[in-house]
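Here is a short note to go with your first look at this model. The points can be read in order, with the structure open beside them.

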Amino acid sequence: MWKWIQKLASPKVFYETTNKLIPWFFWPFIVLIIIGLYWGLVLAPADYQQGESFRIIYIHVPSAWMSMLVYFIMAVAGGIGLIWQIKMAEVVAKVSAPIGATFTLIALVTGAVWGKPMWGTWWVWDARLTSELILLFLYLAYISLNNAFDNPKTAAKASSILAIVGLVNLPIIHYSVKWWNTLHQGSMFNDMSNPSMHPDMLWPLFIMVFAFQFLYGVLALVNARDEVLVREQNSRWVRAVVTGEKL
Amino acid sequence: MTLAETLSFLPYGKYALYIWLSYGITFILILGLFMRASINYKKIRSQLKKKYAREND
């Protein structure tokens with residue numbers, strides 16, 4: 001395992017690996033998103049309380065989960081870059097930030113749109129919504145800090161520290177519905193063996209969660225591949241890749 | 001007549017506005033991520049090609 005990580009830390013091997021992996025993430029994403037959307041929008045029955053409006057769950061929940069998962073990946077990759085000085089970990093952290101910020105924005109916007117017919121308001125300063133909004137600000141701060149330095153090493157160092165400090169917000173988001181009396185509903189998955197959703201509604205949700213994971217994978221790989229080219233532009237192998245010359 | 005009532009002829013009736021608005025915004029944002037990746041791909045390769053051409057001259 002360690003040997004494999006060391007091998008992947010080489011920019012050239014990393015570039016070649018990302019290139020090979022892109023179709024393995026792209027096509028499962030396409031298949032899963034088609035199945036998930038059809039099942040969620042057409043086959044799944046309407047909710048007995050919320051009616052058809054519950055269908056927003058199929059984009060709101062996966063994007064909210066991904067907003068936290070991507071932040072966790074970004075902070076861990078940033079930490080690896082800080083501790084072991086692995087440049088490719090810095091690349092993973094940097095390219096994850098805009099994707100994670102977009103997932104957070106989707107979660108906030110779809111939540112607001114869902115809130116209007118259900119709660120009668122677009123927004124409330126509820127613990128879950130506010131902590132998710134703080135997550136968006138953390139992503140934006142990370143992106144700004146990363147772009148504020150000309151030296152990629154300094155940029156990665158400063159932004160990784162911010163990402164690690166911001167990790168404290170993840171348990172707050174997760175447990176906010178338990179710790180505080182919130183308007184946002186509680187977790188549906190406290191007991192996985194007995195979820196509070198019918199399988200006809202639950203399965204498309206799981207499929208959409210997997211689809212969003214593959215979506216993150218494909219976007220992170222594509223952006224990481226390009227970021228490696230920029231960082232290693234003075235290497236002979238990058239020149240060979242771009243110009244088609246032989247090494 | 002509210003906008004939600006006006007758009008109630010669409011699938012999902014009185015919730016059509018909210019459902020299609022959510023899915024529409026999500027689609028646009030995800031499309032934006034793909035477009036950004038595609039523009040970066042072309043931009044980076046073109047900049048590097050110019051740089052290497054300059055170095056060869």
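Two residues are in contact if their C-beta atoms, placed from the backbone, lie within 7 Å. Please also keep in mind that this is a predicted model.

1. **Asn169 of chain A.** Which residues does Asn169(A) contact, leaving aside its neighbours within four places in sequence? They are Ser131(A), Ile134(A), Leu135(A) and Leu138(A). Tyr71(A) is 98 residues apart from Asn169(A) in sequence, yet the two C-alpha atoms are 10.0 Å apart in space. Is Asn169(A) buried, exposed or partly exposed? A residue needs 20 or more other C-beta atoms within 10 Å to be buried, and 12 or fewer to be exposed. Asn169(A) has 18 such neighbours, so it counts as partly exposed.

2. **Helices α3 and α4 of chain A.** Next, look at helix α3 (residues 57-84) of chain A and α4(A), whose axes come within 7 Å and cross at roughly 155°. Angles over 145 degrees count as roughly antiparallel, and α3(A) is therefore roughly antiparallel to α4(A). Their crossing is left-handed. In the contact of α3(A) with α4(A), 18 residues are nonpolar, ten are polar and one is charged.

3. **The loop between them.** Gln85(A) lies in the loop between α3 and α4 of chain A. Gln85(A) has 13 C-beta neighbours inside 10 Å and so counts as partly exposed.

4. **Helices α2 and α8 of chain A.** Another pair to find is helix α2 (residues 11-43) of chain A and α8(A), with axes that come within 7 Å and a crossing angle of roughly 155°. These helices are therefore roughly antiparallel to each other, and α2(A) passes α8(A) in a left-handed crossing. The contact of α2(A) with α8(A) is made up of 26 nonpolar residues, five polar ones and one charged.

5. **Chain B.** Now turn to chain B, which has two helices and zero strands. Its radius of gyration is 22 Å, well over the 10 Å that the globule rule gives for 57 residues, so chain B is more spread out than a compact globule. The C-alpha trace of chain B spans about 70 × 15 × 10 Å along its principal axes. Of the 57 residues in chain B, 16% are buried.

6. **Tyr12 of chain B.** Tyr12(B) sits in the loop between α1 (3-6) and α2 (16-56) of chain B. Phi of Tyr12(B) is near 80°, a positive value in a residue other than glycine. With 18 C-beta neighbours inside 10 Å, Tyr12(B) counts as partly exposed.

Key. Residues are numbered from 1 along each chain as its sequence is written. Chains are lettered from A and ligands numbered from 1 in the order in which they are written. This is a predicted model: local features need pLDDT of at least 70, side-chain atom pairs count only at pLDDT 80 or more; totals for chains, interfaces and linings use all residues. Helices (H or I, at least four residues) and strands (E, at least two) are DSSP runs, numbered from the N terminus. The radius of gyration is taken over C-alpha atoms; the globule rule is 2.2 Å times the number of residues to the power 0.38. Axes are lines fitted to C-alpha atoms, for helices over the stretch in contact, and angles run from 0 to 180 degrees between N-to-C directions. Angles under 35 degrees count as roughly parallel, over 145 as roughly antiparallel, 65 to 115 as roughly perpendicular and the rest as oblique. A crossing is left-handed if the near helix is turned anticlockwise from the far one by less than a right angle, and right-handed if clockwise. Ala, Val, Leu, Ile, Met, Phe, Trp, Tyr, Cys and Pro count as nonpolar, Asp, Glu, Lys and Arg as charged, and the others, Gly among them, as polar.
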